[in-house]
Structures are given as structure tokens and as C-alpha cells.
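Biologist: Please take a close look at a single part of this model. I would like to know what surrounds it and how it is placed against its neighbour.

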Amino acid sequence: MDSRTSDSQPAAADAAAAPAQAPVDLPESFGYRVKKRLLGAPLVTEQLGHEKLSNPVALGVLASDCISSSAYGSEAMLTILIPTIGVVAFTLLMPVTLAILCVLTLLTLSYRDVVMAYTRAGGSYVVARENFGPNVAQIAAVALLIDYIVTVAVQTAAGTTALLSLVHLLGGDRYNWVDSYQLPISVFVVLLLCWGNLRGIREAGKAFAAPAYLFMAGMGLLFVVAGIRLIFGDLPKADVHASGALTLGGEGNHTSLLMGASVFLVLKAFANGGTSLTGLEAISNGVSAFRSPQGPNARKTLVTMSLTLGTLVLGVSGLAYLTHAIPFDVGNPSVLSQEGSLVFGSSWIGQAALVFLQLATALILYTGANTSFNGFPFLASFVAEDSFLPRQLTRRGHRLAFSSGILTLTGVSLALLIGTDAKLDHLLGLYAIGVFTGFFMAGIGLVKHHWTRRERGRTAKLIINALAAAASISIVAIFAVTKFTEGAWMVVVLFPIGVFSLIRVNRRYREEAEALATAPADTTNPTYRRQVVYILVDRVDLAALKAIRYARSLRPAEVRAIHFMIDSNEAEKLAAQWSNAEVGDLPLEIVQCPDRRITRALLELITRNTADKKSQLTLLIPERNYSPILGRLLHRRTADHIARAVGKLPNVVATIVPFDVVEAHEDLTEAEAAGIKLKKLDD
């Protein structure tokens, strides 16, 4: 037996048998105590679970964002058509819906390919990175990040609209005042989702799948009852002239109006309706969550999700065509809620069915917003791992969630909600560009993927993905043009800025890594003959004395205490205090600084005294740490600034010596309470 192996076994046994070290009782900071109260006890890394999902559960968990978009997609098209062509909009709605379903079919076929070829989470970002490199992949990264941000705003606003629509339909006009709660409720829901995700809730399990199945059950009930009433000729129609409804466009001969509908109008409605396809990429972003075999299971679930979405969108548009459910100026009651009210009727059973439908709709929309709180932080961590975003986004927080990503998503989505007053029609103008750019990157990436491989069915896959990419980029162009003045300009402007910024961050990281990797020729033997320590002194207190003790513990060849004089009277007082302090034989040197540029004067002093390049100078900067909030307002924090400036000089090391003033005050309070008299420095 090898002697190294036999020697290592006792060591391993000793290590395994070593008793666990007793925890050290250290006081926790106030901020940590607040965090622990809000978020709960911290989780250790070993508690990070990876639950694998069955296909039915995965459908409910991952498809909520996609399926729930059917609640507002048809209404988004009518919002464009009705003010221009009136009731003819209900006729034109159906062919536009069918065109959207054709795009859905292409994208589904393309993403069936994605989930089979790329089983790691990341979707179009991973596809683009693997086929075009990390820089081009940032187009997909920005697209997905924008998509996640807008999804939170859109889904929460739509969910709140569903709730307020229920109040309108059950309570009548006397409850119009609830419209003012659209924004506060939406903001509250976003904050609630943020808090829940910071606590570490997981997007897995039957609890998160339930809203999708409740919504599908409610929509199925709506379609069945509507079909029965249609067969018996008992399906009512809405009053298109109701108070608060969108004003109808040109009246007259329906055929002439339909034929005269401009291409621009149809494209605009088509672009709005394209929001029905948002969330289609969710399964490709979560392939790794499926049980084995992951690719085939994800593909089956994707097809089921697309069929469900197509059925729901077609059903909602069809009912709008039959019932003439019309959008309202304030956004509620929504088209879907009106369809439910008309189909279910005013009996108590019908009212109960309406309540079930609207609550299920609100629940799935809010759950769809929660998918972004899982997707955004994970995607941000992937991009940060590639050094295109700040690396803080790769760190898990108190409860093993990507806290920085969650807080970033919350802040930006809240700003978006507040900026648009949580109006759904305003938010939709920002939506589709990011979504379909991601679809385009996935499609064109797969074209590259299959072009470089000789495999079975290669030609068909090339055609499908090329068509999906062409359709997606066409919708991006349509949306950018037709919705430019309605908010799309923000995405058009911010998109290239975002891509450039990510690439610039990566370049900075690479430059820093290169600089840090370039070491001196010899790092083992010091080349300096003398070690000198300077201590900056601006007052005589415990912080300064701590720095002096530390300086002497280094055993340098020379220690100097230096004060830069700005006020001669204050300098005289400081010198008097120094002479009475217990600092030994260390004199205080006072350097005049008439222009009050202390950092500049310090740099000049150090440069003069290290000109021989034979001395290593260590600068000690006492730093007094105060309470985190009030302390920042009451006290300047110059230590970091000085250390950063001095650190640029050769042969110089700047060290901050911290002193906790808050803890010292607590110790003083405890001593006074115990009747212990402490000596002051100026006694």
C-alpha cells in the first residue's frame, strides 16, 4: 500500500471525528435583525433543493405566464380596431386572431427544437451564446430581461383589472370608485411577490400549478356554457354603446368599412394581439426542472401548452365576435369578464361561476407575474457568470434566493407600473419587442445550429426555424413602427443601450482580470529595505489610539502620526490633546494645507518620502463606523476616498482601521448602568 494513502487515512479519520466547534456568541447588527424578522431564519447552502417536475405539474407551473395572456390578448386587438372601424372590428378580429395562431404554430415548432437541443435553463440566451458567441447573446439577454420586467407589470395590472372588473359587474356603477385602486393594488401585489421570493418560495409543486388548472377549468366552463346557449339561440350580446365603453369608429356599410381598413390598422391590431404569445419561452427556460428524459418531456409539455393557449385565444376572440363584448376606456370591466357575465347570466349560479372565473383569472395572472421573479434572477445570474452583468447578481442571499436580482426586478417593474399608472393598454406598448426579439434569437440560433450539422430532418428544421425567425423579426418591426408613439420608442431606444452596456461591463471585467493576472517578476522576496507607517490623525480618540496600537504591532522601522492643518486653532487644540494622550514617545506632525486639499497634500508628502524607492509605506486611516442610516447623514466618509487615491501610488499600501462607534456607545451605556466609571481621554 502506498505510504501516502496510509498516512492520509488517520488524518481523515481525525478530521471526521473532530467535534463541532461551539458557536461564538457575537451580537448581530440591527439591519440583520430586521432582515431575519422579515424574511425568517437564514437557510444554509445544503438546503438548496432542485425539485424535478412531472409534465402535468410543469404545465401548471411554467405555463401560467403564457396561458394567462389569453385573458387580455383579444381585448388588446379590439382596443385598436373599435375606435377606428366600430362594430366591424368584431368581424376583423377573427382573421387577425387566426394570423396570430399561425405565428404560434411556427414558434411552437421552433421551440420544440430548442428544448431538445438545449436542456440547460436559459432558453434563447443559451441558444444565441452557443451559436453566435457571448457578445451577440447579449441581444437575447436584454430581450429576455426586458420581457421579464414588463411581464411583472403587465400581469399584475391585468390581474388587478380582473378583480376590479368583478366588482364592477357585481356592484354596478355605484362601485366606479374602485378604479382608483388599480395602481395601489398592483403595487401591493408586486411588493408581496418580492417579499415572498426573498423569503425563498419556490416555483415548484402542486400549489403553484393549481392556478393554471383553475383558470383552464373556468375557461372550459365558459366555452361549454356559451356553446350550449349558442346552440339554443340564447347567447346575449353586450351593449356596445354602454357608458364608459370605447367610442365606436365610423358607422355605415360594414363591407365597405372592412374593405377600407388600412393595412396599418390591421398591423397595429396584429402587433397588439401578439402579446397573446408572451410566455411561450418559459418552458425552454426551465427544461432542467423536468424529470428525465428532460428534452422529450419538455417538448410534450410545450405542445400541450401551445394547444391550450391557441384554444383559449381562439375561444375568447370567438366569444367577443359573438357577444360584442367591448373594451372600456378605464380598462374594466374587461372583455373576458363581460363574456363571463353575458354567458353565465344573472342567476346566483351564474354569478358564482363569474366569481370563480374572475378569481381564477386574477390568480393565474398574478402567478404569471411570479414566474418573472424566478426567471429574471436566474437569467441575470447566468449573464453575470459570463461577466456581462455585475457579479453581485450571482450571489444567493439570506434565504438562498438571488436577492439582488429580485430587488432589481421589483424596483424597475414598480417604476414601470407607476409611470403608466398601471394601465394595461399603456403597458402593452412595451411588451412584444423584447418577447419577439428573444423568439428571433432562438430561431436564427437554431438555423445556425442545424446548418453546421448533418442530421436527420435537417432541411425541415432549417425551414421551420428560418420561418419562425422571419415571423418574429417581422413582428418586432411591425410593433416598433405601429406602437412607436405609444411607448415602444422606450424599448427601441433602451434596447441598443442595454446591449452596449452589457458588452461594456464585460470588457471592463476582462480588463480588470488581465490587470490582476499580471504579477511582478518575483513575489516571494521583498525588495524594500525599510517599512514605514504613517497614521492620519484628525482627532484624538479611541479610533486614533487603535490605529497607533496596530501600527506598533507591525514593528516598522518608523512610525509617524500626521495631521493636515486646515484651521490653526483646531490644530493647536489637537496638539494639546495629543500631548496629554497616552501615545508614548510618538510625536504629532502638523502639515499645513492652506488650500484644504488634504488628499492632494497627502499624495505629495508620500511621493516625496518614497522617491528613493527603497521604502514600503503603509498608510493607516482610522475610520469611525456609525449607524448605517443616520451615520451617513451626520458624518463624512472620506477614508475610502483617501485609500483609493493613495492606492494608486507605487510602494504604498493604504489600510483602513475601523472603529465601531455604535458598539462603543453601547458599552459605555452598559458601564454607566452598572455604576462603572470610565476614564476619558481628556481627563
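Modeller: Leaving out residues up to four places away in sequence, Thr 151 touches Asp 65, Thr 156, Gly 368, Ser 372 and Tyr 431; contact means heavy atoms within 4.5 Å. The model is predicted, so local features need pLDDT of at least 70 and side-chain atom pairs count only at pLDDT 80 or more, while totals for chains, interfaces and linings use all residues. Residues are numbered from 1 along each chain as its sequence is written, and side-chain values use heavy atoms, with hydrogens and water left out.

Thr 151 counts as buried because its relative accessibility is 0% (buried is under 20% relative accessible area, exposed over 50%, partly exposed in between, with a 1.4 Å probe and protein chains only). Thr 151 belongs to helix H8; helices are DSSP runs of H or I with at least four residues, numbered from the N terminus.

Two packed helices are described by the angle and the distance between their axes. For H8 (residues 134–171) and H21 (residues 488–517), the axes come within 9 Å and cross at roughly 130°. Axes are lines fitted to C-alpha atoms over the stretch in contact, and angles run from 0 to 180 degrees between N-to-C directions. H8 and H21 are therefore oblique to each other (under 35 degrees is roughly parallel, over 145 roughly antiparallel, 65 to 115 roughly perpendicular, the rest oblique). The crossing of H8 past H21 is right-handed, meaning the near helix is turned clockwise from the far one by less than a right angle.

On the H8 side, Asn 135, Gln 138, Ile 139, Ala 141, Val 142, Ala 143 and Ile 146 meet Val 491, Phe 495, Gly 498, Val 499, Leu 502 and Ile 503 of H21. This contact has 10 nonpolar, three polar and no charged residues; Ala, Val, Leu, Ile, Met, Phe, Trp, Tyr, Cys and Pro count as nonpolar, Asp, Glu, Lys and Arg as charged, and the others, Gly among them, as polar.

Definitions and conventions:
Helix = DSSP H or I, 4+ residues; strand = E, 2+ residues; numbered from the N terminus.
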